[in-house]
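Keep the model open beside the text as you read.

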Amino acid sequence: MVRMEGTGARCPACQVPSHSVRGSYVRRPADLSSARHSVHLALRIRRFCCRNLECTRRTFTERPLRLLFSRARRTRRLATAQCTVGMTAGAECGARLLKPLAMPTSPNTLLRLMSRTPLPPRKDSRVLGIDNWALPLQLQFESPPSGSVVTLHGHGLVVASPATPGQDVRDRSHSPSQE
Ligand SMILES: [Zn+2]
């Protein structure tokens, strides 16, 4: 059984600390595996009374935000590990890899975790290129011309939206200093 440190918690509405415990319940989020076995924490969450008479909130639960997101069924560190595997291997292969590592999840969940991960800050690049990987598909489905503008130094994505027919792709770069 895992318990939160400290004897009290702050009311999320008024920020006044309270030590008046009104009860508790147990959450069982999945955690990093151990010795190839899945691990679920038994985390005791306490409910407190807010003693601030001016506060509209009567009770609140403590929030282990460093350990897991609100209402999450997995710890942050497990989400980070699963997301890293998904980013490296892709959602389908990542889900297959995670199963023997005892951190199973579905491809859809991996996609959701990856979509929530903030992208690294984009570095300015003076040299841009067009990734026309979709060109064979466009010819096959007779779709409007599209392509992605990418930086040639960092291989980062600059613009992914389809170009308006007839639009000069140079109009889609963000800086006049870019070539
Ligand atoms: Zn309060």
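Ala 35 sits in the loop between strand S5 (30–34) and strand S6 (37–40). Strands here are DSSP runs of E with at least two residues, helices are runs of H or I with at least four, and both are numbered from the N terminus. Ala 35 is not a glycine, yet its phi is positive, near 50 degrees. Is this residue buried or exposed? It is exposed, because 6 other C-beta atoms lie within 10 Å of its own. The cut-offs are these: 20 or more other C-beta atoms within 10 Å makes a residue buried, 12 or fewer makes it exposed, and anything in between is partly exposed, with the C-beta atoms placed from the backbone.

A word on what you are looking at. This is a predicted model, in which local features need pLDDT of at least 70 and side-chain atom pairs count only at pLDDT 80 or more, while totals for chains, interfaces and linings use all residues. Residues are numbered from 1 along each chain as its sequence is written.

Stepping back, the protein chain has 4 helices and 11 strands. It runs to 179 residues, and 17% of them count as buried. Among its contacts with a separation of 6 or more, 46% are between residues 24 or more positions apart. Contact means that two C-beta atoms, placed from the backbone, lie within 7 Å.

Two residues towards the start of the numbering give you examples of such links. Ala 9 lies in strand S2 and counts as buried, with 20 C-beta neighbours inside 10 Å. Leaving out residues up to four places away in sequence, Ala 9 touches Ser 18, Phe 48 and Glu 62. Ala 9 and Cys 49 are 40 residues apart in sequence, but 9.8 Å apart in space, C-alpha to C-alpha.

Val 16 belongs to the loop between strand S2 (9–10) and strand S3 (17–18). With 13 other C-beta atoms within 10 Å, Val 16 is partly exposed. Again not counting residues up to four places away in sequence, the partners of Val 16 are Arg 10, Cys 11, Cys 50, Asn 52 and Cys 55. Cys 55 is 39 residues from Val 16 along the chain, and their C-alpha atoms are separated by 9.2 Å.

Now for the helices. Two packed helices are described by the angle between their axes and the distance between the axes. The axes are lines fitted to C-alpha atoms, for helices over the stretch in contact, and the angles run from 0 to 180 degrees between N-to-C directions.

Start with helix H1 (residues 76–89) and helix H2 (residues 91–98), whose axes come within 7 Å and cross at roughly 130 degrees. That angle is why H1 is oblique to H2. Under 35 degrees counts as roughly parallel, over 145 as roughly antiparallel, 65 to 115 as roughly perpendicular, and the rest as oblique. H1 brings Gln 82, Val 85, Gly 86 and Ala 89 to the contact, and H2 brings Ala 91, Cys 93, Gly 94, Leu 97 and Leu 98. Sorted by class, that makes 6 nonpolar, 3 polar and no charged residues. Nonpolar covers Ala, Val, Leu, Ile, Met, Phe, Trp, Tyr, Cys and Pro, charged covers Asp, Glu, Lys and Arg, and the others, Gly among them, are polar.

H2 also packs against helix H3 (residues 107–116), at an angle of about 115 degrees and with the axes 8 Å apart. H2 and H3 are therefore roughly perpendicular to each other. Ala 91, Glu 92, Gly 94 and Ala 95 of H2 meet Pro 107, Leu 110 and Leu 111 of H3. This contact has 5 nonpolar, 1 polar and 1 charged residues.

Which residues of H2 are buried? They are Ala 91, Gly 94, Ala 95 and Leu 98. They cover an arc of only 100 degrees around the axis, so they lie on the same side of H2; the arc is that of the directions from the helix axis to the C-beta atoms. What covers them includes H1 and H3.

Finally, look at Cys 83 in helix H1. Cys 83 counts as buried, because 20 C-beta neighbours lie inside 10 Å. Beyond residues up to four places away in sequence, Cys 83 touches Leu 113, Met 114 and Thr 117.
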